[in-house]
Amino acid sequence: MTTVSEILGINYIVIAPTLALLLTVIVLLFCTITISTPIYVKKYVSFIGILLTLFTIFLKFGLFLTDGVSSYFTEKILLDEFSLIGNVLVGMVLLFTFNSFWKTSELIEDKTTEALILILMSASGFLLMIDAENFIMLFIGLEIGSISLYALAGLNRGDQLSNEAALKYFLLGSLASCIFVYGIALVYASLSIIGVYETSIAISFIGPDNVPLTTFVGLILIIVGLLFKVAAAPFQAWAPDVYQGSPTGYVGYMASVAKVASFIVLARLVAVSLTFIIDQFDLFFGAVVILSVLAGALFAANQSDLKRLIAYSGVIQSGFILSGISSGVYGISASMFYLITYIIQLIGIFTVFSIISGQLSSDFQISNISGLFKENKFITITLSIFMLGLAGLPLTSGFVSKFILITNLWSYERYVLVTVLMLTTVAGFYFYLRPIWVAAIEKTENVVEKIQVKNSDKLLLGVLATLTIYFGLLPDTLVNITRWMVEGYL
Amino acid sequence: MITIMFSLLLVPLFSAILIFLIPNSRKETFRPIGIAFSLITLTQCVYLLFGEYAKTEFTILSTFKWIQSYGINLHFGLSGMSTLLLLLSSLLVFVSLLSIGKDHSESKGFVGSLLMLHSAINGVFISGDLISLFIFFEALLIPMYFLMGIWGGENRRYATIKFILYTVFGSVFIFIGTVYTAVLSFGVNGRLAVDFETLSSLSLLESQSKTLFLLFTFGFLIKVPIFPLHTWLPDAHVEAPTAGSIMLAGVLLKVGAYGILRVSIPFFTEGFLAYKNLIAILSVIGIIYGAIVAIAQIDIKKLIAYSSVSHMGFVMLGISAGGFLSIEGAIIQMINHGITAGALFMLVGFIYERRHTRKISDFGGVKISMPRYAAIFLFTSFASIGLPGLNGFVGEFMILMGSFNSYKILTSFAAFGVVLAAIYMLWAYERMFTGPIKYEENENLSDLNSRETASIAPLVLLMLFIGIYPNYIESFVIQEASFLSDTIAMFKDLK
C-alpha cells in the first residue's frame, strides 16, 4: 500500500544536511535571544552542527546505495552523484573554513551569532541549490545562499571597503538573480518545463533541431546567472571588489562555497539538461572561457592587492573549469577534479591571508607579506605551495588537474582553447610567483614580525598543503571519485 | 639496480629535508652533511657505471601506476647516456658544495636548494615516460628560482623572471606535445600510455610526426639554448650564484639536448628529418655568434655564458647531422662541456669571492699573485678551446668529422668556432693573468686554498683523462648513438 508520503516522495534523509544546518541555526538563535550563553558554547554548537551536517551527508550515501538516482518531494529534490559530491564539498568547505570564520565572528563582538547564522544559512541554501531538481528550488537555494553572502560581505560595518563590497555584491548579485529568474520564465514559457530532467526529456521529445529560440535564450540566461556566481568573464566585475572589501576571514568561505555550488549545478545542467543540444552552446562557452582566462590574466598581472589578485586568478580558474564542463562527460569529471583541488588551494590562501593581516581587515597589499619568510617560515611555505598549485607546477595538484583537463580538451580537438589556456598558464607563473618572491626572496628592511599561529590554524594549513601535494603525487583516488560522478551520463 | 635508481632521486631529497630540519645554530654542519650525502649519490653513480645498464639503450626498469582510470603510469629506467649524465650531475653537485664560500655553505636554504635541484635533475635523467620527464623538467625550476632569486647578483629579479618565463614558455610546448602524444596513443592502446617503449611502437603520420617534433624540440631548444632563443642564458648566468651557474651550465643545458636525443629524434624521426637542416643552420649561427659576442664581453662570467652558447651549438650541430659519429660526439661534448664550463664558472666564483668583481679589466697580472689559480685557469681554458689531448677536443673533433659528410659548408663555418674560442679564451686569459699587476688590490690575492684546489681537482683530472683516453667514455654511448643513427638512417631509406 502506498502512502501519501511515498507518492509525494517525502524523505527527510535527502534534505537532512539542510535540516541539520537549520537546526543548528535555531539552536544558535535560541542561545542568543532566550538565554545568554558564553561564547564558547556557540562555538561548540556551530561546530557540532557542521559535524552533524557531515554525518547526514554520510547518510545520504546510504540512501543513494539503495535508491540510486532518484527524485523526492514531487520531483523537487534530486539525489544523484553530483548532489552527493556537492554536499560533501560544501560540508568540507564549512569544516575547513570554520576556523577562519569563527575567529572573525568572534571579533565582531555584538554580531557573532548573526555572522554564524548567516554562514550556516548560506550553506544550507547552497546545499538546497545543489540538491534542486526544479529550477524554482534552484533559485530559492541560490537566493538563500547569496543573500546571506551579501550580508556577510558587509558585516564589518566600520569599514568603508566592506560596505562598498556588500553594496556592490548585492546590486550586481540581484541583477544576476533577475537574469536567472527571467531565464527560468522563458524556458517555462516556451516548453512548460521547470525541471533539470524535464528539460532533457522535452528536448529529446521535440528533437534537438526544433528547440525554440526562446528556450535557448532562457537556458543561456540561466547559465549566465550561474556564471555570475563563479565570476567568469564578462560577469566578473564584482569579484575583485568583493574579495578585497569583505572581512578576510570570510572570503575563503564566500568564494569557495558559491563556486562549488554553482559549478556543480552547471555541470549537472550540462550533463543532464543540455545533453542533446550541448553542441550549440560551444561558441558561447568557448567565448566565456577565452574571455575569462584573458581578462583574468591581464588584470591579475598588475594587481598590488593580493586579494584582488586571487579574485582575478579565480576568474582564470573559472575559465579553466568551464572549459572542461563544456567538453564532454570526461571533461566534466576533469573539471570536478580541478574544482576540488582549486577549492583546497583557495581556502588555504585565504586562511594564510587572514592569519597575516587579521580576520577583519579588508585590503591586503602585497607589501604586507614582504620578508614574511624570515620570521614565519611555516606560513610562507604553505602559501608558496598553494601559489605554485594555482600556477600548475608539477608535484602539486594544480598540475594534475591541468593535465587531465587539457588532455580532454585536446581529444575533443579544441585546439584554440588549449592554446589560450596554456598561454595563460605561462602568464600565471609571472603573477603567482610574485607573492613568493616578495615573501621569501626579496631582501627588505621592514620584515613582517613573528605572527603567533594557533595550533588549529597550523593543523588546517598543514592538512590543506598536504592535500595539495598529495593530489599532485597520487591523484588516483580523487580522479576515480570524479570519474564515478559522471559514469551514469556516458 | 632499481634501488640505486630510486635512491638517486630520494637520497638528495631526504638530505635536503634533513638540512632544513637542522637548527640554524649548527650552521657549520650544513656543508659536511650535504657533501656526505652527495658522496653517497656519487658512489652510487659510479656503481651504475659498472652495472648492466651502463652501456645499453634506454631500458625501463620500474613502473608505477599513477592515474589508473586514464591508464597513465610513471616509468623509470636507465641507459648509457643517462648514467653518464647522472654521474656528471652528481660530480658537479659534489664539487660545487665543496667549492662554495662560507656565506653560501652556512645557509641551509642554499645547500638544501642545491640538493633538491640535484634530486630533480636525477629525476629527469631516469624518467622513462613523457609525463615524469615533464614533471621533473618543471620541478627543476623551484630550487633554481630560489638559488637565483635569493643568492643572485644585483639584477637577479629580472634574470630570474626571464629564466622562469622562458623555460615555462618552452615547457608549455612540451606539455602540449605530451598531451597530443597521449591522445594519439589512446587511439592505439586504449590508454594514455606515453612511456618510451610504447612510443617507439607508435606509428605516426608524417604530419603528426612533424608537429610533435616541432612541439617537443622547441621546448627543449629553449633549454639548450639555440641561437635566437638563447637570450635568457647570459642574464641567468651572470646573476646566478657560482654554484647555480655551475649547475646551470653543467647540467641544466644538457637537459635540453638530452630531451632531444631521448624524445624528439627516436620517436618523431620524420619530423627530425624535415627540420634538421634548420636546426643545423641555427646551431652554426649560434656557434659563430656566441663566439663573436664572447670576444666582446667585458664581464668574464658573461664571456663564459656566451661560450656556452657556442659550445652547445656544436652539440646541436652534431645531433642534427644525425650520423653515428656526430651523435656520439654530441653526447660526449655534452659531458665535456659540463665539466669544462662547470670548472670555468667555479674558477670565476673563486676570484669573485676574493675581489667581488667580474670585470676583466679589473684584473691583470693575477698570475703573479695566484700562480696555481692561473695555471688551472689556463688548463681549463685549453680544455674549453679544444686543445688536442684534453677533453674539449674529443667531442668537437668527432662532431666536426661526423657532420662534414652531411653539411660540408656549415661544418667548415663551425670549425671557425674553435678558432674563435681560442681568441676569446686566450685573450681573456692574457688580460686577466699576464703582464704587470695594474691594481694594487690584486697584489695580495691569496692563491687557491686546499679546499678550493680539492674541489677543482676532480674536474681537471677528468679533462685530462677523457682527453687522453676517450675510448672509455665512448664505450658508454656507442649503443645509444648507433641506435639513434640507425633509426635516422632507416627513416631516411624509407623516404
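A residue is called buried if 20 or more other C-beta atoms lie within 10 Å of its own, exposed if 12 or fewer do, and partly exposed in between, with the C-beta atoms placed from the backbone. By that rule, Asp457(A), Leu460(A), Leu461(A), Leu464(A), Ala465(A), Thr468(A), Phe471(A) and Gly472(A) are buried in helix α19(A). This is a predicted model, in which local features need pLDDT of at least 70 and side-chain atom pairs count only at pLDDT 80 or more, while totals for chains, interfaces and linings use all residues. Residues are numbered from 1 along each chain as its sequence is written, and chains are lettered from A and ligands numbered from 1 in the order in which they are written.

**Chain A as a whole**

- Chain A has 20 helices and two strands, where helices (H or I, at least four residues) and strands (E, at least two) are DSSP runs numbered from the N terminus.
- The radius of gyration, taken over C-alpha atoms, is compared with a globule rule of 2.2 Å times the number of residues to the power 0.38. For 490 residues a compact globule would have a value near 23 Å, and the 22 Å of chain A agrees with this.
- The C-alpha trace of chain A spans about 70 × 60 × 40 Å along its principal axes, and 60% of the 490 residues count as buried.
- Two residues are in contact if their C-beta atoms, placed from the backbone, lie within 7 Å. Of the contacts in chain A with a separation of 6 or more, 80% are between residues 24 or more positions apart.

**Helix α19 of chain A**

- Helix α19(A) covers residues 455–473, and its 19 residues reach 26 Å from the first C-alpha to the last, close to the 27 Å expected at 1.5 Å a residue; the expected span is 1.5 Å times one less than the number of residues.
- The buried residues of α19(A), among them Leu460(A) and Phe471(A), cover an arc of only 135° around the axis, which puts them on the same side of the helix. The arc is that of the directions from the helix axis to the C-beta atoms.
- An α-helix has 3.6 residues a turn, so residues three or four places apart point the same way.
- On the face of α19(A) turned away from the buried side are the exposed residues Asn455(A), Ser456(A), Leu459(A) and Gly462(A).
- The partners against which the buried residues of α19(A) pack are α4 (81–107), α14 (328–357), α16 (377–391), α17 (397–411) and α20 (476–486) of chain A.

**Ser124 of chain A**

- Ser124(A) belongs to helix α5 of chain A, residues 112–131, and it counts as buried because it has 26 C-beta neighbours inside 10 Å.
- Although Ser124(A) and Thr18(A) are 106 residues apart along the chain, their C-alpha atoms are separated by 4.8 Å.
- When neighbours within four places in sequence are left aside, Ser124(A) is in contact with Thr18(A), Leu21(A), Leu22(A) and Ile144(A).

**Where chains A and B touch**

- The contact between the chains takes 21 residues from chain A and 26 residues from chain B.
- On the side of chain A that touches chain B, α17, α18 (415–441) and α20 each supply at least two residues, and α18(A) gives the most, with nine residues.
- The residues on this side of chain A divide into 15 nonpolar, four polar and two charged. In this grouping Ala, Val, Leu, Ile, Met, Phe, Trp, Tyr, Cys and Pro count as nonpolar, Asp, Glu, Lys and Arg as charged, and the others, Gly among them, as polar.

**A hairpin in chain B**

- Strand β1(B), residues 59–67, and β2(B) run antiparallel and are joined by seven bridges; two strands pair if DSSP finds at least two bridges between them.
- Thr59(B) has Leu78(B) as its bridge partner in β2(B).
- Strand β2(B), residues 72–78, is mostly covered, with six of its seven residues buried.
- The hairpin has four residues between the strands, and Gly71(B) takes a positive phi near 70° there.

**Backbone details in loops**

- A cis peptide bond with omega about 5° joins Ala233(A) and Pro234(A), and Pro234(A) is in the loop between α9 (213–230) and α10 (238–245) of chain A.
- In chain B, a cis peptide bond with omega about -15° joins Val224(B) and Pro225(B).
- Thr74(A), which is not a glycine, has a positive phi near 45°, and it is exposed, with 12 other C-beta atoms within 10 Å.
- Glu413(A), in the loop between α17 and α18 of chain A, has a positive phi of about 60° although it is not a glycine.
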